[in-house]
Amino acid sequence: MMKLHHFHGGIHLPDHKSQSTQSVIAQAPLFSQLIIPFHQHAGETAKPIVQVGDHVLKGQLIGMPDGFISSAVHASTSGTITAIGLHPVAHHSGLPNLCATLIPDGQEQWCQREPVDYHSLSPEELQQLLRMAGIVGLGGATFPSDIKLRIGKQKVNTLILNAAECEPYITCDDMLMRERAVEIVQGAEMLRFIVDAEQVLIGIEDNKPEAIVAMRQAVAKSGASFEVVAIPSIYPGGSAKQLIRVLTGLEVPSGKLPTDVGVQSFNVATSYSVYRALAHGEPLLSRIVTVTGNVQQAKNYEALIGTPMNELVELSETLPDSNGYIMGGPMMGLPLPDIHVPVVKATNCVIIASKKIFPPPPPALPCIRCTRCVEVCPAELQPQDLYWFAKSRDFGKAQAFSLFDCIECGACSYVCPSHIPLVQYYRFAKSEIHSREKEKKAADIARERHEFRQHRIEREKLEKAEKLAARAKAAQALKSAKADNAELNK
Ligand code: SF4
Ligand code: SF4
């Protein structure tokens, strides 16, 4: 049996998962309108390549990746594009995003699909195919997978499939593993092929026994030498650095990437979508979404990208005392001010909130320096100091105390006896630092331009003066020569 390691801190949370695992994944219906954002991934927004009035087929490319870190966007079904413009989306900024409105024709008519034999293609060709298939990390970060697969000269010894799903309430990966383990394992073999990893470890928290059995059966059936490892259910064991630590004992240093220690990791749902993209030629058009919390029947749905979230949650019958929505888990999720937003590639879960499920937090009290936050911090930070620096706007000190190593897991806030919303302070400090850096960059560019202009003016002045001096000198020389000639001719 494999030796497991520990990461610092972490907390035990009530998981609330059984609520949504009582029935199989349901297919969400095709609603009358889909809103498909062109920015559903980390990096640059995809460039629209369709126009209002265009008829599109299911799987047709509608947004071209634009820039090195970007990803493609596709029509989730066949129908007509009726608008391209700004629409509310689920995002921390609260700003609307460029979206295509697609009115389905109900035909679900596919475009030409081109499955490939991945063994016959180079890693670079496969990366390009995945980029054009819109494959991004489905664990929540939505980082384009082709970028994570471009490892350059680095050697990846270990490929990790992240199936920890450590946040309470979320069960989309659990259900996907129970029902589609064979495809996930095939996707893992494709990922292993691309990065040429020596070993594949599949880390699943031990509160998902059915998924562990299903994945072990699928691995055995495939004949692959992958190891399915049951890891302790300690939050945030699903964060990349913490999972790498538990499975391999390796520490990813601050500011470094997993590939710097010979490891790369992908979420299980990403592995599934890689399989669909290469073996069936299907771009990423849908995902599994857990709808849970204050509902009549919590469930997992396979929903098309662009599905109206308000209509999706109603399939589970929201209870009358509901008072809000969270996209993601209760620890790191995004509270939604408006449920009239589309399902996107990052939508792993929607929790319908109520006072009973999430009672309002008591008022925050002063920090009593109890250090409980320090004990649970998986990034081994000093959360109480970071809080103080953020509060007093001493951002330089916050950075010096490794603010950017904070993964915003919320473990510190969860245990704080003074009920201080610590993570909110860290997010505030990070966004202030980012906007100051942006301002500084803009000011630096403006200063450089100004200096360049001054330099150019000075240079032109000098050149002009030199020309005038040369001309005067030449005139003087001519005058002297004329005078000399006149003297000689006398
Ligand atoms: S847990 Fe709360 S009260 Fe205790 S040291 Fe940390 S911030 Fe202060
Ligand atoms: S939110 Fe940040 S500071 Fe708090 S426990 Fe998590 S990593 Fe540590």
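How far apart do the C-alpha centres of domain 1 and domain 2 lie? In this predicted model, the C-alpha centres of the two domains are 40 Å apart.

## Domain layout

The protein chain is split into two domains. Domain 1 is made of two stretches, residues 18-28 and 120-301. Domain 2 covers residues 365-490.

## Contact between the domains

Domain 1 places six residues in contact with five residues of domain 2. The area buried between domain 1 and domain 2 comes to about 440 Å², and carbon and sulfur atoms account for 50% of that area. On the side of domain 1, the residues that lose the most area to domain 2 are Y235, P236 and Q242. Together, Y235, P236 and Q242 make up 66% of what the domain 1 side buries.

Polar contacts are found across the interface of domain 1 and domain 2, in three residue pairs with both residues at pLDDT 80 or more. The count of salt bridges across this interface is zero. By class, the side of domain 1 that touches domain 2 consists of two nonpolar and four polar residues, with no charged residues.

Terms used:
Residues are numbered from 1 along each chain as its sequence is written. Chains are lettered from A and ligands numbered from 1 in the order in which they are written. This is a predicted model: local features need pLDDT of at least 70, side-chain atom pairs count only at pLDDT 80 or more; totals for chains, interfaces and linings use all residues. Side-chain values use heavy atoms; hydrogens and water are left out. Domain bounds come from an automatic or database domain assignment. Contact means heavy atoms within 4.5 Å. Buried area is the accessible area (1.4 Å probe) that two parts lose on being put together, summed over both. A salt bridge is a side-chain nitrogen of Lys or Arg within 4 Å of a carboxyl oxygen of Asp or Glu. A polar contact is a pair of N or O atoms within 3.5 Å; within protein, one must be able to donate a hydrogen and the other to accept it, and residues adjacent in sequence count only if both atoms are side-chain atoms. Ala, Val, Leu, Ile, Met, Phe, Trp, Tyr, Cys and Pro count as nonpolar, Asp, Glu, Lys and Arg as charged, and the others, Gly among them, as polar.
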